[in-house]
Each structure stands twice: as structure tokens, then as C-alpha cells.
Amino acid sequence: MGADRSLELLHHDEEERPARELTGRFRAVVAIVAFAVALLVLGQVFRPLAQGSQFYLIIFLAGTLPLVFLAYHSGFGGKRDRPTWPDLILAGSALVVCLYPVNPFAGGYNAFLDRQGLLEPVDVIFGAVLLFLVVEACRRTTGWALPIVCAIFLGYGYYGGLLPQHWPIAHAGLDFAQIVDALYNSGSGFYGTPLDVAATYIVLFTIYGAVLDLSGASRFFVDLSVAAFRKSRSAAGRTAVAAGFLLGTVSGSGTATAVSVGAVTWPMLRRAGYPREQAGGMLAAAGVGAILSPPTLGAAAFIVAEYLNVSYLTVLGWAMIPTVLYYLGILLAVEIDVRRYGVRALSPEGAGAWRLLGRFGYHFSSLVMIVVLLAMGESATRSVVYATILAAALSFLDRRAWLTPRRAFEALSAGVRGVLPVVAVCAAAGVITATTTKTGLGAQLASLLVNGARAVTDNPEAVLGLTVVLAAFALAVLGLAVPVTASFIIGWVIIGPALLALGVPAPAAAMFVFYYSVLSEVTPPTALAAVGASAITGGRAIPTMWQALKYALPAFLAPIAFVLTGNGEHLLARGSFAEVAWTTAVAALAVLGLAVATGGWVLGVGPAGTPSRVLAAVAGLLLLYLEPVAVALGVGALVLAVAMAALRRRRDRRDRSGRGDRPGRPDRPDVPEGTERPDQTDLIPRRSV
């Protein structure tokens, strides 16, 4: 089935460029090595290597970095279905230089660590080769942007000593050996927190996603979404949003989820009457929600947990309310679009939602198990391994999805292959973090950001607000060039200190950086999720990006609320129940106001004119400030916007009545009754249950 084929995309991270479709012995070699790495990862969960975590990261990188050169094309000609001789040489070199620190002929691992700060010439040579290979692997998997950023940071580290010493960003300067030492033989370079997160958390979740997908969960999630809304006029849009959320629990990937959902739901959206660009924007926004939604947030969420030294369950708790607000905004936009574009109800055939839940609802069990085990105090790594085992066992309840030994081998191999782009990004991010640590660049840039805001005003609240706006703009621009994970790492080491210096709590600052890093997926002009969705719908890319921006607007503004006031922290579920409930209700009203402003419609009333839309936008912004006076003004502005829309509707009805026009449809006065095309009942293929 075409839909099933599209769901294979879920094994690939949104940061990934298309990999080779390997065949023959190369396919077998990559699969076997990836399977061996998967066994290493699973073994590390229960029996960690005695030499410590950095030793494990060395072995992990030695197993994954060579696979990048075999699985990804260089882009400079040659055969695309199999590695060339240069690829094989690079893969072999990667294996050698990665294993060099544990080479017994050079004194072994302990002797290598003892040479920290005093590397021998041969150490520098091997470290320089690994630097080149990491940057090249990053280029192959993500493009040129991040390697260029790495080159800029390396140039700053080497030439920064030549800058005038009175400049804020000047430093004493580093020679090449010092740079290599920081990258190759320290805990802040290649083997720093980003790679540690990729090797201990992210790879386990990609393996879990592959097992869950092969067990039939992806097909079930789509079928359930279709069945749940079958009798509603909003069924097509709600199905796309629900499928995006459910599939996101498997993939944790924005672009891949948007494309996968679009391949299945675009025919339904088209038959229902959605324009191409609006449908593409909806799919992109729903897909990006996958990175924002528990229980499998994007890769950067694991780095948040590591940087702040909190459990992954804590980060999931912080993400719950923003996720609800995000999907509330999308669903309100869907309901508005139903009325604006005259979307028709559909009557698809197939199994009902309750029947599907009764037969295949067990697919939710492993997802629930992760949260329950985390709440019981189990580590995130063990929780996801136990959930993976449960998903594999439950696959035998469906004859079509049995996880036989062969398919289990495929799932483990696919899980490791799916993490290769993240490994390349995280290793390359070590260049940025090591340079920033060695030179003190993060604190210097943070000081420049805050001082720039203070040059405009001395008011503390205004300084914070201006700093937040500048930070949001900087993160949005940064996200245009580099993948989400790298964007968060760079943003945290540069922008995080600026927010912390202004008194913003660490959780709020970290989640602010996280959300704006993720939202680059729907930010023009390089919104990857929107580009992928437009390829499915056949719509124009740029208008699709703007539509995606409209659907995702609450996610752009809610993070600002985290950091502007103390009440904003309640949106991260930090505070008493009453404080959290009150703040959530106010934020939901703000999302409603923003939906009216962007959609031009008041649900239950009718079209909103320009004055109503402006008032609704002002109301949304005031409500998100979350201070009592601002909330009172926001509520008043929203009530006035609704009242003006109601007066306009009454006036339009009176005018039509005076002209003797036929009464229009109650929910869409500009569309006369009887003009709708008949429902389409042949849209969704029937599937056996």
C-alpha cells in the first residue's frame, strides 16, 4: 500500500538528507555493523563498560561514523547506490582514528587520557583527521550550513588572539594543538554532552520507533485518526492533526511526520475542499508538533535534561501544557478553515474507532509504559528498553506484524541507521561547545546581547523584553541554517547565559531556546516541514510556509510568555495547581484570540472584519503577558472583537434580507445553501482489521 510505503520515512530524522539505497554486500555490511552497535547500546544500559562513559562514546563513534560514509553519498558524482573507493577510504580512516585513543600500542586508553593538555604530534595528527571526518560526515547528512558554522568557530578559536584585546570577544588565542586537544581528549569536544545524549538516549528511542513501526503501530494510528472523526465536517483536518500527533510519538521528527501524514491524508483533504497551500501548512504544523509532543520529544529535549541535570520525565512535564496550547491553536485554525473554505463532510468506509481500539489499542501500551516507569523513578534509558521489549512482544497479537528474528534484526539496524545524522550533528556540535568553553565566547556574546538591550532602555522589564525579542530573532535565523539539535546547542551556549543573567529561571530559558530551535522547521524561507508538505500537496512552497506559520503561531508566542513574567513559568507546570490552571486557561484564551486574528473568523458567530482581527491580535498578546492588568485588558479586547463580529453578522443578514436574498448557511453567510458539492464516499480505502 502507498501509505505503508510512506510510513517508512519515519525511520529518518528530520535533519537527515536522503541516504543511499544500498544493495548487495554493502547493504549487508551496514546492517550487520548497525546491529552490532545496537547490541552495544542495549548492553550499555544494563552492563556499562568499566572504563567509563567516554570510553563507551569512543567505541560508539567508531561504530557509527564509518557507516555515514557508506550510507550517505558525497554529492560529488560517483555511484549513488553503493560506496565508492573514496567512501571506503574515509570509512576505514574513521574507524582507525576513532579507535586510536584505545590503541594498546600507543599506551592504551589511560595513557591517552594522561596526555591531556600535552598531546604528542601523532595525537594531533589523528585528532585533526577525526575533525575533518566529523565535519565531512556532518556535511553529507545535513548540508553545508553546520560545517561552515564549525569553520567559523574554529577560525575564531585560532585567530581570536589577533583581535584587539579591548574588544569584548577577544581572547588570548589557541594554537592548533590546543584546539585538537579540546576536541579529541576532553569531555567538551567530540565526546561531550551532545554525543553522549545521542549515544545513550536518542539511539534507544530511534530503535524503539523502528520496533513500534514494524509492529503495525503507524498503520493503526492513521486508521484510528480516520475513524475517530468520520462523521464531522472537520473530519479531514482533524484526522491530519491527530495522525500527526500520534505518528510523532513514533518518530519524534517534524519533516518526516509531515510527509508521512500527507501521503495518507492529502487525498482526503483535497476531496474535502482544502486548497493545496492551506492543507500543506496544516500538515507541516501537525508534523512539527511531533518534536514538541511527549512522550518522544525531539533530540534536543534530551540535551535539555542533561544540561539542566534533571530527569527526562521532568522535561516531559514542562512540555505538556505548551503541547496542549499548540494543538489547540491548530484545531481552532482547522475549525475556522472548515467555515472559510466551505469544507465538506466525508463519509469514509472502514472499521469504527471503537472496533480499532478494541483490536489494536494495545499499541498505546508501550507509550504509556515509558511514562509510568519514568514516574516510578526508572531511568529513561531502561524505560525505553522495557517499552521496546513490550512493543516487540505485542507484535505477535497481529499476524501481519510478527517481529520475527529477521524483522527484529531489521528494526535494530534501522534504529541505528536512523540516528546516524544525529551522531554527525552532535559530534560536530562538539567543535562549537569546545571552542565556546575554551574561549569564554558564550558569556561574552551573552553580555553583548544584554548590553545591547540596555543601550536602548534602562527599564529592567523593557531590557528583558527586548533581549527576549532579539534572542527569538537570533534563534529563528540560526535555525534557518543548521538542524534543530545544533541550533539548540548553539543557542543554549550563547543565548542561555543572557537569559539567566536577567533572572530568567533555567527551565524557562532552556525551553525557550528549545521551542525556537524546533520552530525553524516552519520558519520561512527554509521551512523544511512546509517544503516537504508542499511536495505532497503540489502547492507552492512559499505560500505553504506562511500557512504553516499561521497554524504554528501559538508555539512562537507561548515561549516568550515563559520568560517575560514570573507567571509564565506556570505554563511549564511549575507552581501550585491553582496557578498552573489559571495560567493555562488565560493562555488558551490567548490562543483563541490569535486564531481569530489569523483566521478571520469567530467560531459560532461568523466572519471577523479587520477591526475585529486587530482587536483579537491585541487581546492575544495582552493575555500572553499573564499579568492581572494585561489579562483584564486582553479579555476586554477579546469580548469587544467578538461583539464587533456579531454586529457585522447581524448587519449582513439584515442587508441580505432587505435585498430579498435567499438565507445563507448559518455558519457561512457568504455561501448560499445548496451550493455544496455532494460528499465523497470513495475517498479512504477500506482496510482489513
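The following questions and answers explain some terms as they apply to this predicted model.

Residues are numbered from 1 along each chain as its sequence is written, and side-chain values use heavy atoms, with hydrogens and water left out. Local features need pLDDT of at least 70, side-chain atom pairs count only at pLDDT 80 or more, and totals for chains, interfaces and linings use all residues.

Q: Why is Thr544 called buried?
A: Buried means under 20% relative accessible area, with a 1.4 Å probe and protein chains only. Thr544 has a relative accessible area of 0%, so the residue is buried.

Q: What does the side chain of Thr544 reach?
A: The side chain of Thr544 reaches the backbone oxygen of Arg540 at 2.6 Å.

Q: Which residues does Thr544 touch, not counting residues up to four places away in sequence?
A: Contact means heavy atoms within 4.5 Å. By this rule Thr544 touches Glu277, Gly280, Gly281, Ala530, Ser534 and Gly539.

Q: Why is Trp144 called exposed?
A: Exposed means over 50% relative accessible area. Trp144 is at 52%, and therefore counts as exposed.

Q: Which residues make a nonpolar surface patch with Trp144?
A: Phe76, Ile148 and Ile152 make the patch with Trp144, and its area is about 490 Å². Nonpolar side chains are joined within 5 Å.

Q: How many residues has the largest nonpolar core?
A: The largest nonpolar core has 215 residues, and Tyr274 is among those with the most contacts inside it. Such a core is a set of buried Ala, Val, Leu, Ile, Met, Phe, Trp, Tyr and Cys residues joined through side-chain atoms within 4.5 Å.

Notes:
A polar contact is a pair of N or O atoms within 3.5 Å; within protein, one must be able to donate a hydrogen and the other to accept it, and residues adjacent in sequence count only if both atoms are side-chain atoms. Patches are made of residues with over 30% relative accessible area and no salt bridge: like charges are joined within 9 Å, nonpolar side chains (Val, Leu, Ile, Met, Phe, Trp, Tyr) within 5 Å. Accessible areas come from the Shrake-Rupley method with a 1.4 Å probe; for residues, only the protein chains shown count as cover. A salt bridge is a side-chain nitrogen of Lys or Arg within 4 Å of a carboxyl oxygen of Asp or Glu.
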